[in-house]
Amino acid sequence: MAAAAAAARRLLSSRLQTTTTRLLHARSSTGDFGGFIHPAAVVHPDAVIGQGVLIGPFCTVGPSARIGDACQLHGGSHVMGDTELGEGCVVQT
């Protein structure tokens, strides 16, 4: 069981390293944009993500979504289609 969990973690981390998301602001010199995307979230590489955005587990962000600065997507929420969230929005399930 532990081996399966370790394999799943390796798979998720490799997916996260190969996935890039366009950001509204340039990354800092450390590569950080001040936010957090949970490893269990699915964020399309064409989505535009602002600074300080928190994306919880099991969230989905579609390809034409734009998420403004300091937004919070609570676990299980979905942003799909041609959707733009302004600064500081909170999306719950």
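Predicted model: local features only at pLDDT ≥ 70, side-chain atom pairs only at ≥ 80, totals over all residues.
Which residues is S77 in contact with, leaving aside its neighbours within four places in sequence?

Residues are numbered from 1 along each chain as its sequence is written, and side-chain values use heavy atoms, with hydrogens and water left out.

**View 1. The chain as a whole.** The chain has 1 helix and 11 strands (DSSP runs numbered from the N terminus: helices are H or I with at least four residues, strands are E with at least two). Of its 93 residues, 26% are buried (under 20% relative accessible area, with a 1.4 Å probe and protein chains only).

**View 2. The surroundings of S77.** S77 lies in the loop between β8 (72-73) and β9 (78-79). This residue counts as buried because its relative accessibility is 2%. Beyond its neighbours within four places in sequence, S77 is in contact with F58, C59, T60, V91, Q92 and T93 (contact: heavy atoms within 4.5 Å).

**View 3. The sheet containing β9.** An open sheet of 3 strands has the order β3-β6-β9, with parallel pairing (two strands pair if DSSP finds at least two bridges between them). At its edges are β3 (42-43) and β9, each pairing on one side only.

**View 4. The pairing of β3 with β6.** Strand β6 (residues 60-61) pairs with β3 in the parallel sense over 2 bridges. The bridge partner of V42 in β6 is T60, a residue also in contact with S77.

Note on methods. Buried < 20%, exposed > 50% of the residue type's maximum accessible area, 1.4 Å probe, protein only.
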